[in-house]
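Please look through the sequence and the model shown here, and then follow the questions and answers below.

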Amino acid sequence: MTSTATHGIDTPALISWFSGAGRALPWREDGVSAWEILLCEVMSQQTPVARVEPVWRDWLARWPGPAELAAAAPADVIRMWGKLGYPRRALRLRECAVVVVDTFGGEVPTDVDDLLSLPGVGDYTARAVACFAHGQAVPVVDTNVRRVVARAVNGLAEAGPPSNRRDLAAVEALLPARREDAVAFSVAIMELGALVCTARSPDCDACPLAPSCAWVAAGKPAWEGPRRKTQTYAGTDRQVRGMLLDVLRDGDGTATAARLDLVWPDEVQRARAMASLVDDGLVVRGEDRYSLPT
DNA sequence: TACTCGTGGTC
DNA sequence: TGACCAAGAGT
């Protein structure tokens, strides 16, 4: 858009920074399959990368590919997911494996629209797989990328509410023409947002984009837009769901209703949380007990 | 669009 | 110490 702008993304500096400062994550090694990359992307949704690594390794040791996962019992999948959070992702991942096997011949699709048809794969993950696993020059937009663009290009402290169309177009405009450069750009800008241009305390002194950053040039003005609603957790249904599922996950996959009653005192909320777990397919109701789905 | 959906670390 | 945040997706 603004090809003559003095501020923006210095792509060569960004890519050069990554080659020296990027983390040596296991899924960035040579020879990692598309399925393995899809797996780490799904696990990383709203979850810190450090927590993902060990689960990713254990998971692949048990179910190396989509065929193995598709044949697994949901109860085992939920347990292997452990405490990564948002356990519905585990069920969707298994459904995703089924679709990959039944519809795509066991191979992770390369087309973005095909990827979007997979359960648990949305706008970010579809393009992340297309780019990182298949080397395609498609815009990859996550929270890190949105923040870096907001600062370096737009001179704003925060990205504001996400808008898929706008965000994709904004990053598309920044994407280098050559495929290899586009992939390197996406990996690097995400990493910069994760390690340097962080939400809380950006380390501008260590940032390769600081000389060209519109936000730095403007004197790092504070965010003027609306505050994001702070996510409460204590006392919510989510917490109760987590506590209920934790009991089932740690034991042999089943627990009496009486045992689960001890988890939360408010009977109405407890019943609502359990009903939603059943509705999600994470729990199955028995006579006087509940179990993980076998 | 706005809301729901886990878990744990950080400052 | 509690608010904030973390490679989003689905409805």
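A residue is called near a molecule or strand if one of its heavy atoms lies within 4 Å of it. This is a predicted model, in which local features need pLDDT of at least 70 and side-chain atom pairs count only at pLDDT 80 or more, while totals for chains, interfaces and linings use all residues. Residues are numbered from 1 along each chain as its sequence is written, chains are lettered from A and ligands numbered from 1 in the order in which they are written, and side-chain values use heavy atoms, with hydrogens and water left out.

Q: How many residues surround DNA strand B?
A: The closest residues to DNA strand B are Pro-87, Lys-229, Arg-238, Arg-241 and Gly-242.

Q: Which helix gives the largest share of the surface near DNA strand B?
A: Helices are DSSP runs of H or I with at least four residues, numbered from the N terminus. The largest share of this surface is four residues, and they come from helix 13 (residues 237–250).

Q: Is Ser-186 buried or exposed?
A: Ser-186 lies in helix 11 (residues 179–195). Buried means under 20% relative accessible area, exposed over 50%, and partly exposed in between, with a 1.4 Å probe and protein chains only. Because its relative accessible area is 1%, Ser-186 is buried.

Note on methods:
Helices (H or I, at least four residues) and strands (E, at least two) are DSSP runs, numbered from the N terminus.
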